[in-house]
Amino acid sequence: MIRFIKSLTGRLQSPSRPKPAVQDNRPAPVHINVPGVGQFTLAQHLSIRQGFPIADWRAISTWVDSLPGERTRDAAWAACEQGWLLHMKQALGAGFHLVESNRAMLLSSLTPNVAHATLAYMEQTQRRLGTLLEGIAKPDSLGKELMVVFDSQDQYYQYVCGYYPEKGEFSLSSGMYIHRGCGHFVTTQADLSVIEPIIVHEMTHSMLSYLPMPTWLNEGIAVSSERRLAGPPAPNHHIRDKHRQVWNEHSIQQFWSGDAFMQSGDISQLAYDLAQTVVEQLARDWHGFKRFVTAAHRNDAGKAAAEDILGIDLGRFVALIMAREDGSDWSPQPQQWAKAPVGQELEFTA
């Protein structure tokens, strides 16, 4: 990231490049105006949760869908995103500012040069993911990539707790993609080398959010993309032993259902690592993997798609990875899951 910022300084001054990001210091709007079409009273469709404005994106979507023309709808949705972030800026305080470019918006209290470089990195990451995950990842058809960088962990958890289920113990996270109404990802201020992989990870979720894929597949692709574009983490030489201690024919159902990714303790870390391993093994046949990804569904953890497209039994495949050949059944068994499979409203960076 630091090398990227240094190289960016010269590129942004080149007249052949897009204009630098624009800082938006306007007050939070009451109305969203679309010239020649009308206006939407945004302020009437905001509620306060944990001290933060939460927009009624269903009402916003209904209004946007009623507008004529794709360009008009795209501009109206982006204006609503911008308006909501300006209300977030107002709630977070005077130190925060909103910067915007062609494909992204960033709300933070980062210094202007770091904020603009981070925003440019977001746009670069979107392009790189489009190449890395060709045929799978795609930007949202409406609006821009949105990122909020909170000043502290307390501020971050105060905001995201409004999206968690009311009951349960959940794993800690350094970042999160929230796909509820309007997709956006959030993190906290940290060293740039820490923020960089979070951007890659959460933007991967954003660009896969149009697919109803199981959580293990979504997280496996995100971790793999993070490691390829932002560098691998320090090796953990003991993780193989932990895998063998934790996974069996019963606990693996928490992996398939998605529950393991939200739990506290070792099981969450192991779920991410296992997901990345399975994805990288399957992706060796990229053509078949692309077809599998677009067909896999969270309701059965991709079991039917794996059989039909890849010709494999997912449970047998994972058991072999874990060197378990005792004849036990590791296949996804939705009838055993305690609740419906975890969807994509919350996607974490561990």
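The axes of α7 and α11 come within 11 Å and cross at roughly 135°. Axes here are lines fitted to C-alpha atoms, for helices over the stretch in contact, and angles run from 0 to 180 degrees between N-to-C directions. That angle makes α7 oblique to α11; angles under 35 degrees count as roughly parallel, over 145 as roughly antiparallel, 65 to 115 as roughly perpendicular and the rest as oblique. α7 passes α11 in a left-handed crossing. W216, L217 and I221 of α7 make the contact with F289, F292 and V293 of α11. By class, this contact of α7 with α11 has six nonpolar, no polar and no charged residues.

This is a predicted model, where local features need pLDDT of at least 70, side-chain atom pairs count only at pLDDT 80 or more, and totals for chains, interfaces and linings use all residues. Residues are numbered from 1 along each chain as its sequence is written, and side-chain values use heavy atoms, with hydrogens and water left out.

Next comes α12. Helix α11 (residues 286–295) and helix α12 (residues 303–310) have axes that come within 9 Å and cross at roughly 150°. That makes α11 roughly antiparallel to α12. Their crossing is right-handed. From α11, G288, F289, R291, F292 and A295 meet A305, A306, I309 and L310 in α12. The residues of this contact divide into seven nonpolar, one polar and one charged.

| Helix pair | Axes come within | Crossing angle |
|---|---|---|
| α7 and α11 | 11 Å | roughly 135° |
| α11 and α12 | 9 Å | roughly 150° |

Which residues of α11 are buried? They are G288, F289, K290, F292 and V293. Buried means under 20% relative accessible area, exposed over 50%, and partly exposed in between (1.4 Å probe, protein chains only). The cover over these buried residues includes α7 (215–230), α10 (266–282) and α12. Contact means heavy atoms within 4.5 Å.

Now to K144. K144 lies in the loop between α4 (112–132) and β8 (145–150). At 17% relative accessibility, K144 counts as buried. What does the side chain of K144 reach at 2.7 Å? The side chain of K144 reaches the backbone oxygen of S101. Leaving aside neighbours within four places in sequence, K144 is in contact with E81, E100, S101, N102, R103, A104 and M105.

Note on methods: Helix = DSSP H or I, 4+ residues; strand = E, 2+ residues; numbered from the N terminus. Left-handed = near helix turned anticlockwise from the far one by under 90°. Nonpolar A, V, L, I, M, F, W, Y, C, P; charged D, E, K, R; others polar. Polar contact = N/O pair within 3.5 Å; in protein donor to acceptor, adjacent residues only side chain to side chain.
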